[in-house]
Amino acid sequence: MDLFKAIIIAIIEGLTEFLPVSSTAHMGFTAALMGMEETEFLKMFQVSIQFGAILAVVFAYWKKFFDFKHLKFYYKLAFAVIPALVLGYLFDDKIEAILGNQIAISAVLVLGGVVLLFSDSWFKNPTIDDEKDMSIKKAVIVGFWQCLAMMPGTSRSAASIIGGMSQGLTRKAAAEFSFFLAVPTMLAVTVYSVFVKTWGKETAAPMKGYEMILSSSDNIIAFFVGNIVAFIVALIAIKSFIGLLNKYGFKPWGWYRIIVGIVLLIYFTQFK
């Protein structure tokens with residue numbers, strides 16, 4: 001993989017992983033606009049570098065993640081991630097099939113934008129301002145909401161934050177729990193995509209993710225540099241997003257999704 005293009009995709013991932021705009025969609029659009037061939041390595045790269053961005057959460061909230069005095073925090077994450085692990089495994093092939101369908105993803109981007117326009121008005125009276133006050137049951141419900149993001153273009157961040165707000169969390173608390181939940185979710189996704197999943201099953205040379213990475217020095221460099229760049233950019237983006245979400249809510253992101261989605265629908269239907 002071309003290193004420059006890998007860095008561009010990693011920057012997009014770091015910027016959008018925690019925004020309610022769908023990092024998967026933006027990486028796919030970016031790759032398509034740069035004329036990148038939709039290879040199995042590109043698909044695996046787009047999935048696995050999300051872990052670089054997620055590590056930024058551990059770094060930014062390290063006191064929370066390594067506070068072993070409050071084991072209930074880990075229980076909540078463990079139970080909340082189960083729905084994504086089960087459903088993600090069951091529907092993996094269908095999800096992969098949609099990854100290259102930019103028209104479908106653009107349409108989902110628009111529909112998700114419409115939902116965001118109204119989400120603030122749906123949950124007006126939050127009662128939980130701290131993740132510590134959320135029950136395990138509520139955490140699991142947020143975990144099911146996160147599963148909506150299995151449809152590329154939906155946004156894991158948007159689904160889990162709205163899920164948190166539906167359980168009485170403030171926008172800030174819901175966003176932070178969404179960040180925390182992303183860590184075990186994306187760790188599992190990365191391990192599965194790199195070490196377990198066989199990519200290109202219908203091709204003449206199916207390979208594991210790590211085999212594709214190790215197949216060339218360019219791929220090795222792209223993989224590690226991509227994760228490092230995603231980590232750095234995401235670290236900068238995390239705190240900024242919390243402030244913007246508290247100040248403006250979801251509406252600006254909703255309009256952004258609608259405008260970008262419509263522009264991309266026109267582009268992919270008329271010019272591609």
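Me: Which helices each supply at least two residues of the lining of the largest pocket?

Reply: Keep in mind that we're looking at a predicted model. In general, rolling a probe the size of a water molecule over the atoms shows where empty space is left. Here, the helices that each give at least two residues to the lining of the largest pocket are helix 2, helix 6 (71-90), helix 7 (92-99), helix 10 and helix 11 (171-196). Helix 11 has the largest share of that lining, with six residues.

Me: How much space lies in the largest pocket, and which residues lie nearest its centre?

Reply: The space in the largest pocket comes to about 740 Å³. Its lining counts 35 residues, and V47, I95, M150, M186 and V189 are the ones nearest the centre. Sort the lining by class and you get 17 nonpolar, 13 polar and five charged residues.

Me: Helix 7 is on that list. What is its mean pLDDT?

Reply: Start with pLDDT, the predictor's confidence in each residue, from 0 to 100. Helix 7 has a mean of 69, the lowest among the elements of the protein chain, while helix 12 (residues 209-214) has the highest, 95. Across the protein chain the average is 88, and 98% of the residues score at least 70.

Me: Back to helix 2. How many of its residues are buried?

Reply: The cut-off to remember is that buried means under 20% relative accessible area. In helix 2, nine of the eleven residues are buried, so this helix is largely enclosed by the rest of the structure. The buried ones are S23, A25, H26, M27, G28, F29, T30, A31 and A32. Their cover includes helix 1, helix 3 (40-48), helix 4 (50-60), helix 8 (102-122) and helix 14.

Me: And what about phi? Which residue just after helix 2 takes a positive value?

Reply: As a rule, most residues other than glycine have a negative phi. Just after helix 2, G35 has a positive phi of about 75°. Now look at S22: its phi is near 80°, positive in a residue that isn't glycine. You'll find S22 in the loop between helix 1 (3-16) and helix 2 (23-33). With a relative accessible area of 3%, S22 is buried.

Me: Where is S155, and is it buried or exposed?

Reply: Look in the loop between helix 9 (136-146) and helix 10 (156-166). S155 counts as buried, at 4% relative accessibility. Its phi is positive too, about 95°, although S155 is not a glycine.

Me: How many residues does the largest nonpolar core have?

Reply: To trace a core, you follow buried nonpolar residues joined through side-chain atoms within 4.5 Å. The largest one here has 62 residues, and V57, F65, F177 and F241 have the most contacts inside it. Helix 11 gives the most to this core, eleven residues. Another core of eight residues lies apart from it, with A25, I105, L109 and F268 among its members.

Me: Which residues does V57 touch?

Reply: Leaving out residues up to four places away in sequence, V57 touches F18, F65, F179, F180, V183 and I238.

Terms used
Residues numbered from 1 in each chain as written. Heavy atoms only, no water. Helix = DSSP H or I, 4+ residues; strand = E, 2+ residues; numbered from the N terminus. Buried < 20%, exposed > 50% of the residue type's maximum accessible area, 1.4 Å probe, protein only. 1 Å grid on protein atoms, 1.4 Å probe; cavity = no way out; pocket = protein on both sides within 12 Å on 5 of 7 lines; lining within 4 Å. Points joined across faces, edges and corners; volume = space filled by probe spheres on them. Nonpolar A, V, L, I, M, F, W, Y, C, P; charged D, E, K, R; others polar. Contact = heavy atoms within 4.5 Å.
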